Amino acid sequence: PIPCVPWQSQTSGQYQRRVHGEEGIGVVRYLADVRFASGEWAGVELVEKNGIHDGSVNGRRYFKCRQGFGIFAEIGKVQQKIYPEELLERVTLLHKEKKTLKKENDKLLTRVTELEDVR
């Protein structure tokens, strides 16, 4: 299941749902029938680029998001909660990954500088 929690948008005042699943954390942007499958589906804009579209499928626009940030999930797989522990764990992992990538980037930059100095 994809847990989610209702939240009120600061800009629009409308209630939306944040979700968390295998693909990552996101916001439900569409909740209704779709043409590509039977039943109700949730169109989700993910925080990270783990999706497969920009909110349109087979030429039909369901919602708008950046390319690669959109997914659809069956309504039955959406629940009403993100546990704080899950959110904290995800943020912690992303922070560690960011630090690791920054260290690698700094090493590469140092190596490039050294090679340029040799010339």
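Predicted model: local features only at pLDDT ≥ 70, side-chain atom pairs only at ≥ 80, totals over all residues.
**A buried histidine and a set of aromatic rings**

Leaving aside residues up to four places away in sequence, histidine 53 touches Phe63, Cys65, Arg66, Gln67, Gly68, Phe69, Gly70, Ile71 and Phe72. Two of these neighbours, Arg66 and Phe69, also meet each other: arginine 66 lies over the face of phenylalanine 69, 4.0 Å from the ring centre.

Now for the rings. Searching the whole structure turns up 7 aromatic pairs. One of them joins tyrosine 30 and phenylalanine 72 edge-to-face, with 6.1 Å from centre to centre and 80° between the planes. Tyrosine 30 belongs to strand S3 (residues 24-33) and phenylalanine 72 to strand S7 (residues 70-74), so this pair ties together parts that are 42 residues apart in sequence. Tyrosine 30 and phenylalanine 72 are both buried.

Phenylalanine 36 and tyrosine 62 make another edge-to-face pair, at 5.9 Å centre to centre and 90° between the planes. Here the partners come from loops: phenylalanine 36 from the one between S3 and S4, tyrosine 62 from the one between strand S6 (60-61) and S7, so the pair ties together parts 26 residues apart in sequence. Phenylalanine 36 is partly exposed, at 31% relative accessible area, whereas tyrosine 62 is buried, at 9%.

Technical notes. Residues numbered from 1 in each chain as written. Heavy atoms only, no water. Contact = heavy atoms within 4.5 Å. Phe/Tyr/Trp six-rings, centres within 6.5 Å; stacked < 30°, edge-to-face > 60°. Helix = DSSP H or I, 4+ residues; strand = E, 2+ residues; numbered from the N terminus. Buried < 20%, exposed > 50% of the residue type's maximum accessible area, 1.4 Å probe, protein only. Lys NZ or Arg CZ within 6 Å of the ring centre and 35° of its normal.
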